[in-house]
Amino acid sequence: MRKLLRVTMMGILAAGLGLSLAGCSDQATSEKKTVESGPGGKSVVDTKTTIKQTGDNPPAPKAP
């Protein structure tokens with residue numbers, strides 16, 4: 001009985017930890033890869049944008 005209780009509690013704790021870490025990010029990233037070709041050959045341009053979200057900015061008011 002004690003083993004069953006321990007295994008159950010460990011499963012509940014593991015599931016809770018997994019769910020709490022699943023969407024815990026205060027940054028949003030966007031990556032864009034562009035391939036440009038010209039007379040000199042091809043070039044690949046990687047652009048990565050990181051936006052920190054703090055929640056301090058209220059949403060814009062809706063238009064009437």
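The following questions and answers go through a predicted model of a protein. Local features need pLDDT of at least 70 and side-chain atom pairs count only at pLDDT 80 or more, while totals for chains, interfaces and linings use all residues. Residues are numbered from 1 along each chain as its sequence is written, and side-chain values use heavy atoms, with hydrogens and water left out.

Student: Which pattern does the protein follow along the sequence?
Tutor: Helices (H or I, at least four residues) and strands (E, at least two) are DSSP runs numbered from the N terminus. The protein has 1 helix and 2 strands. Read along the sequence, the pattern is α-β-β.

Student: What percentage of the residues in the protein is buried?
Tutor: Buried means under 20% relative accessible area, exposed over 50%, and partly exposed in between (1.4 Å probe, protein chains only). For the 64 residues of the protein, the buried share is 0%.

Student: Is I12 buried or exposed?
Tutor: I12 is found in helix 1, residues 2–22. Its relative accessibility is 51%, so I12 counts as exposed.

Student: Which residues form a nonpolar patch on the surface?
Tutor: Like charges are joined within 9 Å, and nonpolar side chains (Val, Leu, Ile, Met, Phe, Trp, Tyr) within 5 Å. Accessible areas come from the Shrake-Rupley method with a 1.4 Å probe, and for residues only the protein chains shown count as cover. With about 310 Å² of accessible area together, the patch consists of L5, M9 and I12.

Student: Leaving aside neighbours within four places in sequence, which residues is V35 in contact with?
Tutor: V35 is found in strand 1, residues 27–38, and counts as exposed at 54% relative accessibility. Contact means heavy atoms within 4.5 Å. With neighbours within four places set aside, the contacts of V35 are K42, S43 and V44.

Student: What is the relative accessible area of S43?
Tutor: S43 lies in strand 2, residues 41–52. Beyond its neighbours within four places in sequence, S43 is in contact with T34, V35 and E36. S43 is partly exposed, with a relative accessible area of 34%.

Student: How many Å apart are A28 and T49 in space, C-alpha to C-alpha?
Tutor: A28 is in strand 1 and is partly exposed, with a relative accessible area of 26%. A28 and T49 are 21 residues apart in sequence, and their C-alpha separation is 8.3 Å.

Terms used. Patch = residues over 30% accessible without salt bridge, like charges linked within 9 Å, V, L, I, M, F, W, Y side chains within 5 Å. Salt bridge = Lys/Arg side-chain N within 4 Å of Asp/Glu carboxyl O.
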